[in-house]
Protein chains: 2
Amino acid sequence: MMTREILERAKAASTDIGLADTGLKNRVLEAMARILVEDTQEILAANREDIEAAKGSISEVMLDRLSLSPERIGGMAAGILEMVILPDPVGEILSETERDNGLLITKISVPLGVVAIIYESRPNVTSDAAALCIKSGNSCVLRSGKEAHRSSAAVVASLKKALKACGVNEDAVMLVEDTSRDSATEIMKAVGLVDLLIPRGGKGLIESCVRNAIVPCIHTGDGICHVYVDRSADLTMAAKIVCNAKTSRPSVCNAIETTLVHRDIADKFLPILKETIPQVTMYLDERAGKLIDGETADEASFDTEYLDYKMSVGIVDSLEDAIAHIAKHSTHHSDAIVTEDSEAARKFTMMVDSAAVYVNASTRFTDGGEFGLGCEMGISTQKLHARGPMGLRELTTYKYVVKGNGQIR
Amino acid sequence: MMTREILERAKAASTDIGLADTGLKNRVLEAMARILVEDTQEILAANREDIEAAKGSISEVMLDRLSLSPERIGGMAAGILEMVILPDPVGEILSETERDNGLLITKISVPLGVVAIIYESRPNVTSDAAALCIKSGNSCVLRSGKEAHRSSAAVVASLKKALKACGVNEDAVMLVEDTSRDSATEIMKAVGLVDLLIPRGGKGLIESCVRNAIVPCIHTGDGICHVYVDRSADLTMAAKIVCNAKTSRPSVCNAIETTLVHRDIADKFLPILKETIPQVTMYLDERAGKLIDGETADEASFDTEYLDYKMSVGIVDSLEDAIAHIAKHSTHHSDAIVTEDSEAARKFTMMVDSAAVYVNASTRFTDGGEFGLGCEMGISTQKLHARGPMGLRELTTYKYVVKGNGQIR
């Protein structure tokens, strides 16, 4: 099917899924989880084909991301079921006012319509994104990477069976068949058919979407995150937080790339840090390089998202300098201060302009589940519409319903 | 000054204005209103130069929009003062949760940072937009049309005096000096310096911004609005509503362009309508043309925003057909049903996907003041971030402040 037709079908189906009540949407989710598990063999067969075709042309890490197993399919089903218990974000009355002229103005949450997701090779994104869209009453158009296409198609076939079994228009979940660059471009330009475009993947994909999209697009997932260790910090706590934020999962966007240290405690703290995370290669600024061994930071270091066991380390003269450094180099995702000084904490949280600003905790908590949203579609690093983890509510908009008895102006 | 430097200065000043408390922001607004009136003669002198230069090259309507008088300057000052009493949208705690691990997560409203407005020749937009930005803690970058540039510069000079008098960084309000297309393009591409771009003006300007902007941009002000007169409508009320929605101010975006009439009442209603608004040229579909005299609608009529004493008129077979027509031709701004049937009203408000959906009232109420927002920066016809009238709250975003005592994940 041509990409245009796929988008038009999703748009046409968006009214059906948008008007579905909570019970029906939850029955669809339950059926999706059940049928996904029932279809395990078909999905694994498709996945094996993807893996055979990809071998040699992609890295081991990518191959692992692409690989499915009965356990991973079970995990996908469990992820869908978790959404059943989350509150329905649609139909919430956000405000209600009666004006002096008698008009009753109700602001009510409604689905966006069609949400398009352009992603890479993780097959679980297919089921996650579809389930988030269904629960929030949106049609979704999935454009998976070429390597994962057979797996994604098998997963989508199962999800469509579930829609059909519940009497809901199957076109509410659509997979783009063309995996060339053309289809991605067509989605980015589909004004009137796509209400929100979410890129999920590497920096190149995200930048391409943000630069080329005419449809509304959310900038997600860039993460140059910082921990600043203040003069008054508990140094043991600071080392523990830096260690966790850097090493618990270096490839994710809420991992830190830079540690800044106040000059007054640098000679004490840096040796502790070095001992705590010997596996991390540190890129040190001039002053830090005089206190511990490591690589030398260059101009680009503090703007690098390593996503690896690597970290830039700098020494600052003051809290204000740390804030200025973060303003210059942060991607406005997650930044933390470790301090025992409540005034420093207050100033840092007020002045650092990031989606999540932490005091005495690891940046790794920036996550839909950890924030109590139950799930997430990605982490927005822009300020419009959604900031930080995007849950179900961030997949809705609102309309004003205005009731009168003949009012004119 | 180069446009780039103007944007950088506004960005640098955004921290100052962003941290200003409510009292200080209100003092700035009061000073702005006062100084604007004090500077009336200077502003009028600059305005006369603009008018002299523009004569002959722009229409009478445009000249009128451009012209200032002591009364109009007084009106601009009054508009600024109205914002003093509105609640401060910054610093509101939107949610607060303590997680099981002891993390305290507070979601708090914060300014966007830098708001850029590209507009045409109304000098009052200069003071309105600046005041909205100041009250919401944002720096603003104003890019006025060439015809109004001297007037805008005089107004901005007065506004900057007020910032200075209150000890606030004057760079919080910046006027772009270059009025060529280049400066508009530069603003649209200024990633990292512009947090929100709002185009205010005609269709061409808005489309250019939406198509070319890489920075977040809000689609505003397109209005192909409809009134649907249902089978059960009170026909006197319907005629009154259509008359108001079409003729009270045809040049604005919340005026209607199309009336749809249910076939069962068309022969009664259309003659009444014709009598009620003889000054409106009607473009009639085939069936309507058999009932009253008028022009013949062609394929393009129902997609035309006349902004004039012109209106398309069509007959539909059912409520469902009216909804389908609106889905196809509406710009999702404001659409109304006139009906005495509560089930038809319910269905219409649920299924019509517009920012404001009316029952038995004129679409002309879609306005920040009429909706109780106190003011507005424009009317969003997109679904992301803001929909319908954009007031102070729509000029803010939020951040998560997370406080812990050493939590790691």
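Predicted model: local features only at pLDDT ≥ 70, side-chain atom pairs only at ≥ 80, totals over all residues.
Local features here need pLDDT of at least 70, side-chain atom pairs count only at pLDDT 80 or more, and totals for chains, interfaces and linings use all residues. Residues are numbered from 1 along each chain as its sequence is written, chains are lettered from A in the order in which they are written, and side-chain values use heavy atoms, with hydrogens and water left out.

Me: Why does Met32(A) count as buried?
Reply: Buried means under 20% relative accessible area, with a 1.4 Å probe and protein chains only. Met32(A) has 0% relative accessibility and therefore counts as buried.

Me: What does Met32(A) touch, not counting residues up to four places away in sequence?
Reply: Contact means heavy atoms within 4.5 Å. The residues touched by Met32(A) are Ile80(A), Ile134(A), Leu159(A), Ala162(A), Leu163(A) and Val173(A). The C-alpha atoms of Met32(A) and Leu159(A), 127 residues apart along the chain, are separated by 5.2 Å.

Me: Why does the span of helix α2 of chain B agree with expectation?
Reply: A helix is a DSSP run (H or I) of at least four residues, and its expected span is 1.5 Å times one less than its number of residues. The 17 residues of α2 (residues 22–38) of chain B should therefore span 24 Å, and the end C-alpha atoms are 24 Å apart, in agreement.

Note on methods
Helix = DSSP H or I, 4+ residues; strand = E, 2+ residues; numbered from the N terminus. Buried < 20%, exposed > 50% of the residue type's maximum accessible area, 1.4 Å probe, protein only.
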